[in-house]
Amino acid sequence: MLAIGIDIGGTKILGALVDENGNILFEERVASPAQDPDKMVEVVVALIKSITEEATEVIVGVGVAAAGFIDADQSTILYAPNLNWRNEPLRERLQALIPHPVVIENDANAAGWAEYKFGAGRGAKDMVMLTLGTGVGGAVIADYKLRRGGFGIGGELGHVKVVQDGKQCGCGRKGC
């Protein structure tokens, strides 16, 4: 069984075909139309279709990781500081265009879960991961479970206020 993973960022979208052990069998990278939500959906769907052509086994699902606040139902991107998404029903839009089940997750949560399952966190009961890129993100694994918080944004460590009246953050607050 295979799955497709999509990582949406402000400058690039990376897609991969992976097996159940986390091995990357094929990957493809395309430019990100970060400021055009409709074009973003179009590009992601085209990337998924391109990767699907490389599959030699059944694809059981597509996981889409994006920087931003994802709702607790893992369907809507509530706010993405570096992408032009505000209350974007991304899972619904993608699901209407591709035949595989779709899961939406915050990019740091997805990276943290992958590290927990296949990397340095393998076998641990608890783990915290900090991601550094265009923004700062994080994932919290406690008692063998990814902790998303009551609103789905529990691991957003980059949006904890650390400097009173600090620099303006992409999320709109100061001092993150």
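Visitor: What's the strand order in the open sheet of three strands?
Guide: The order is β5-β6-β7, and the pairing is antiparallel. β5 (69-70) and β7 (85-88) are the edge strands, each pairing on one side only. Strands here are DSSP runs of E with at least two residues, helices are runs of H or I with at least four, and both are numbered from the N terminus. Two strands count as paired if DSSP finds at least two bridges between them.

Visitor: What kind of model is this?
Guide: A predicted one: local features need pLDDT of at least 70, side-chain atom pairs count only at pLDDT 80 or more, and totals for chains, interfaces and linings use all residues. Residues are numbered from 1 along each chain as its sequence is written, and side-chain values use heavy atoms, with hydrogens and water left out.

Visitor: Back to the sheet. How many bridges join β5 and β6?
Guide: Two, in the antiparallel sense, with β6 covering residues 77-80. Ile70 has Ile77 in β6 as its bridge partner.

Visitor: And β4 with β8, parallel or antiparallel?
Guide: Parallel, over five bridges.

Visitor: Is β8 mostly covered or mostly open?
Guide: Mostly covered, as four of its five residues are buried. Buried means under 20% relative accessible area, exposed means over 50%, and partly exposed is in between (1.4 Å probe, protein chains only).

Visitor: Which residues touch the most other members of the largest nonpolar core?
Guide: Ile6, Ile8, Val64, Trp85, Leu90 and Leu94, out of 29 residues in that core. At least two core residues come from each of β1, β2, α1, β4, β6, α2 (90-95) and β8. The biggest share is from α1, with eight residues. A nonpolar core is a set of buried Ala, Val, Leu, Ile, Met, Phe, Trp, Tyr and Cys residues joined through side-chain atoms within 4.5 Å.

Visitor: Pockets next. What's the volume of the largest one?
Guide: About 1,200 Å³. A pocket is an open set of points on a 1 Å grid over the protein atoms alone, where a 1.4 Å probe fits, with protein on both sides within 12 Å along at least five of seven lines; its lining residues have an atom within 4 Å of a point. Grid points are joined across faces, edges and corners, and the volume is the space filled by probe spheres set on the points.

Visitor: Which residues lie nearest its centre?
Guide: Gly5, Val18, Gly63, Ala110 and Ala114, from a lining of 37 residues. Elements giving two or more lining residues are β1 (2-8), β2 (12-19), β3 (24-31), β4 (59-66), β8 (102-106) and α3 (107-118). α3 gives the most, eight residues.

Visitor: How does that lining split by class?
Guide: It has 23 nonpolar, seven polar and seven charged residues. Nonpolar covers Ala, Val, Leu, Ile, Met, Phe, Trp, Tyr, Cys and Pro, charged covers Asp, Glu, Lys and Arg, and the others, Gly among them, are polar.

Visitor: What about the second largest pocket, what lines it?
Guide: Its lining has 29 residues, with Ala67, Asn82, Thr134, Gly135 and Val136 nearest the centre. The pocket holds about 620 Å³ of space. β1, α3, β9 (127-132) and β10 (136-142) each supply at least two of the lining residues. By class the lining is eleven nonpolar, 14 polar and four charged.

Visitor: Different topic. How many salt bridges are there?
Guide: Six. The criterion is a side-chain nitrogen of Lys or Arg within 4 Å of a carboxyl oxygen of Asp or Glu. One of them joins Lys12 and Asp7 at 3.7 Å, N to O. Lys12 is partly exposed at 24% relative accessible area, and Asp7 is partly exposed at 29%.

Visitor: How far apart along helix α1 are Lys39 and Glu42?
Guide: Three residues, so about one helical turn separates them in α1 (residues 37-52).

Visitor: Where do Lys125 and Asp143 sit?
Guide: Their side chains form a salt bridge at 3.9 Å, N to O. Lys125 is in the loop between α3 and β9, and Asp143 is in the loop between β10 and β11 (145-146), 18 residues apart, so the pair links distant parts of the chain.
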